[in-house]
Amino acid sequence: RVRTAGAAATFEGGALHLSRITQQRVSIQSVIPELRHGLYPAKRVAGVPVTIAADIVCDSHDKLAAVLKWRTEGARKWRETPMQLTVNDRWRGSFTPDDLGRYEYTVAAWVDRFGTWARDLRTRFEAGTLTDVDLQVGAGLLEEYVTRAGDDDAPVIERARRIIAAEDEPNEVRVETALSAALAEAVFRADPRQWAAEHPRKVPLRVERPRAQFSTWYEMFPRSASPEPGRHGTFRDVVARLPYVASMGFDVLYLPPIHPIGRSYRKGRDGATVAQPDDPGSPWAIGSEEGGHTAIHPELGTLDDFHALVTAAREHGIEIALDIAFQCSPDHPWVKQHPEWFRHRPDGTIQYAENPPKKYQDIFPLDFESSDATGLWKALRGVFEYWIEQGVRIFRVDNPHTKSVRFWDWCIDGLTREHPDTIYLAEAFTRPKMMYELALRGFTQSY
């Protein structure tokens with residue numbers, strides 16, 4: 001049974017239903033950028049035009065009009081930019097986001113009745129087949145448009161309507177008036193957009209700062225920054241080397257983990273499985289009795305020293321990027337406080353990291369299938385939040401492809417909503433499709 005009054009065809013579950021106005025003739029497809037049907041936001045940079053494209057078609061030979069609609073996420077009103085036809089029914093429009101954060105956009109299109117009439121009017125006039133009836137059709141259209149026009153456009157449209165409708169005016173004058181750019185612009189703004197079609201989704205966009213698009217990174221181990229051989233380097237030693245880093249043109253100084261290093265199964269020189277008493281161990285074996293991911297290795301300095309480094313770096317046009325490695329040494333506080341966050345072997349011991357045949361007994365991976373996955377997720381996001389509070393805005397994430405992509409989805413989405421100036425780099429040596437997955441889930445950069 002089919003309802004025929006004012007309904008249009010839509011597909012639901014493979015069946016054809018009539019639910020909207022049947023007069024809608026325009027189809028909008030292949031909107032880009034749109035990642036996985038709008039599930040994930042594309043990324044762009046503030047102050048740089050964002051170009052949106054779409055395929056827009058209609059039956060017959062009528063002209064179309066289209067607009068790109070955009071707004072900051074959650075705003076009530078849309079802003080609009082006209083779209084232009086390029087080739088092969090491909091339309092493009094652009095807008096420039098000024099602020100960081102979340103935006104959304106969509107595309108709307110409709111049959112341009114006045115534009116179609118004006119195009120045909122020019123053809124008839126040039127062919128010498130123009131009649132007064134043809135002109136009266138256009139005057140009738142303008143009579144409808146003038147009632148919808150704003151205060152600035154209404155006089156323009158009404159004046160043109162009178163000239164086009166005036167049989168005592170020369171056809172040359174009537175046609176010139178009908179084809180004027182000023183009238184076309186006024187009519188576009190007043191167009192009732194009858195039976196317009198709109199892309200069904202509000203497509204998300206994440207707008208970041210320019211350093212997210214391009215930056216130059218220099219890596220430095222703070223413990224190696226000492227000018228005195230044999231002395232453990234400090235944050236203050238790193239401050240002294242900032243002019244050297246700046247002189248080479250770097251704008252990001254990346255520090256490997258700065259946290260306390262575990263002593264259990266500590267690696268020695270060149271990866272030796274037995275460490276000597278003065279061997280510092282791997283910075284990626286994070287955690288000891290001094291603390292975990294929110295603590296600083298005592299030999300590097302204090303939190304105040306770290307703040308001084310962040311401030312000094314900014315004075316040189318440099319930002320500090322921190323390594324975030326979500327793994328623990330056997331001495332990390334989480335091992336005792338939350339043993340459920342780690343995978344246990346049949347003999348009751350915690351599974352250490354392996355990349356067969358390599359073994360990393362000084363590192364415990366976290367178990368993202370933990371019975372307390374919620375608590376684990378919150379704790380890991382809390383690590384980012386802590387360092388953001390300390391003034392860090394750029395993070396190099398160690399091996400993110402070995403952690404749950406759903407976690408990154410939740411974590412980075414929340415962090416970038418609260419702190420849209422933060423940047424996340426994926427240090428992931430993995431397959432191209434996994435790299436793309438990490439990009440979808442929020443990472444901005446990679447190597």
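A: Arg161 is buried, with a relative accessible area of 19%, where buried means under 20% with a 1.4 Å probe and protein chains only. This is a predicted model, so local features need pLDDT of at least 70 and side-chain atom pairs pLDDT 80 or more, while totals for chains, interfaces and linings use all residues. Residues are numbered from 1 along each chain as its sequence is written, and side-chain values use heavy atoms, leaving out hydrogens and water.

Arg161 sits in helix H3, residues 153-165 (helices are DSSP runs of H or I, at least four residues, numbered from the N terminus). Its side chain makes a polar contact of 2.9 Å with that of Glu158; that term takes N or O atoms within 3.5 Å, one able to donate a hydrogen and the other to accept it, and residues adjacent in sequence count only if both atoms are side-chain atoms. Leaving aside residues up to four places away in sequence, Arg161 touches Ala139, Leu142 and Glu143, with contact meaning heavy atoms within 4.5 Å.

Now for H2, residues 132-146, which packs with H1, residues 113-127, at about 160 degrees, axes 10 Å apart. The axes are lines fitted to C-alpha atoms over the stretch in contact, and angles run from 0 to 180 degrees between N-to-C directions. The two helices are therefore roughly antiparallel, the word for angles over 145 degrees. Among the residues meeting there are Trp117 and Leu121 of H1 and Leu141 and Leu142 of H2.

Key
Buried < 20%, exposed > 50% of the residue type's maximum accessible area, 1.4 Å probe, protein only. Parallel < 35°, antiparallel > 145°, perpendicular 65-115°, else oblique.
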